Amino acid sequence: MIKLLLSPLLIYFISIPAFSQESSVWKGYPNLGIMHYKVILDDVPEEQNNYQNPQFELSKLTTTENKVLNSIKIRYNVKTDVMECRIGSQHSTIKSPEKLKEVNINGKCFEYKKYLVKRDTTSGYLQKLYGCGQKIYAKYYIPSTKSKLDLKKTKSYYLIQNKGELPKKLNSPSALLSRLYKNFIKQANEFEKNNQLNLKNPADFEKLLTYLNHLSKDIVASR
């Protein structure tokens with residue numbers, strides 16, 4: 001009988017610190033109307049391809065008022081263009097992305113922005129790859145398929161933003177390189193070959209952009 005009474009009490013006392021800890025995490029978040037509670041399934045195998053990062057990763061949010069919100073894990077649902085969040089055991093989605101300056105997911109910076117595709121203006125999350133002077137972004141998307149049986153894989157394209165303008169879609173990575181680094185095409189090709197880069201992959205393209213930026217700065221500094 002005593003054992004039966006002790007078991008619920010033990011569970012009760014163990015659960016109090018856990019609940020208290022989780023509540024303290026939520027108290028660090030001002031009531032900015034950014035998030036919306038939602039039931040999110042952690043592991044849905046058939047939906048893994050919908051995500052830029054299938055697992056919830058350590059992240060932080062920076063608001064337009066420069067308030068930084070930590071202690072949060074996020075995964076980016078490319079199909080719905082929604083940031084899914086987890087704080088402790090609580091799940092939510094970002095319902096007002098326009099109130100955020102950026103979403104940083106494990107070092108990857110995303111901004112919710114208006115941008116141009118041909119002549120059409122739309123809004124969505126863009127990953128910032130390069131931010132010196134002209135900004136370069138990657139937009140992830142899932143192309144439509146003819147059959148439901150076709151495997152849908154996340155793809156991406158690149159955009160460039162000049163000061164005071166909206167980001168504009170570019171036809172190809174080579175078009176962007178010719179526009180920004182026309183004097184370094186030879187070095188770019190060598191770096192791409194030596195490091196076996198796939199420029200359709202934003203992570204690889206970011207490596208090349210970082211290299212070319214350092215290269216151009218070194219040449220200017222040596223003059």
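Colleague: How many bridges join strand E9 to E10, and do they run parallel or antiparallel?

Modeller: 7 bridges join E9 (residues 135-141) to E10, and the two run antiparallel. Strands are DSSP runs of E with at least two residues, helices are runs of H or I with at least four, and both are numbered from the N terminus. Two strands pair if DSSP finds at least two bridges between them.

Colleague: Which residue is the bridge partner of lysine 135?

Modeller: Glutamine 161, in E10. Bear in mind that this is a predicted model: local features need pLDDT of at least 70, side-chain atom pairs count only at pLDDT 80 or more, and totals for chains, interfaces and linings use all residues. Residues are numbered from 1 along each chain as its sequence is written, and side-chain values use heavy atoms, with hydrogens and water left out.

Colleague: What joins E10 to E11?

Modeller: 2 bridges, and this pair is antiparallel too. E11 covers residues 168-169. Isoleucine 160 stands opposite lysine 168 there. The hairpin of E10 and E11 has 6 residues between the strands, and glycine 164 takes a positive phi near 80°.

Colleague: Is E10 mostly covered or mostly open?

Modeller: Mostly covered: 6 of its 7 residues are buried. Buried means under 20% relative accessible area, exposed over 50%, partly exposed in between, with a 1.4 Å probe and protein chains only.

Colleague: Rings now. How many aromatic pairs?

Modeller: The count is 8. Rings of Phe, Tyr and Trp (its six-membered ring) pair if their centres lie within 6.5 Å; planes under 30 degrees apart are stacked, over 60 edge-to-face, the rest tilted.

Colleague: Why is the pair of tyrosine 158 and phenylalanine 205 tilted?

Modeller: Their planes are at 40°, so the pair counts as tilted; the centres are 4.5 Å apart. Tyrosine 158 is in strand E10 (residues 155-161) and phenylalanine 205 in helix H4 (residues 202-222), 47 residues apart, so the pair links distant parts of the chain. Both residues are buried.

Colleague: What about tyrosine 181 and phenylalanine 184?

Modeller: Edge-to-face, with 6.5 Å centre to centre and 70° between the planes. Tyrosine 181 is buried at 6% relative accessibility, and phenylalanine 184 is buried at 13%.

Colleague: Which residues form the aromatic cluster?

Modeller: Tyr76, Phe110, Tyr112, Tyr125 and Tyr140.
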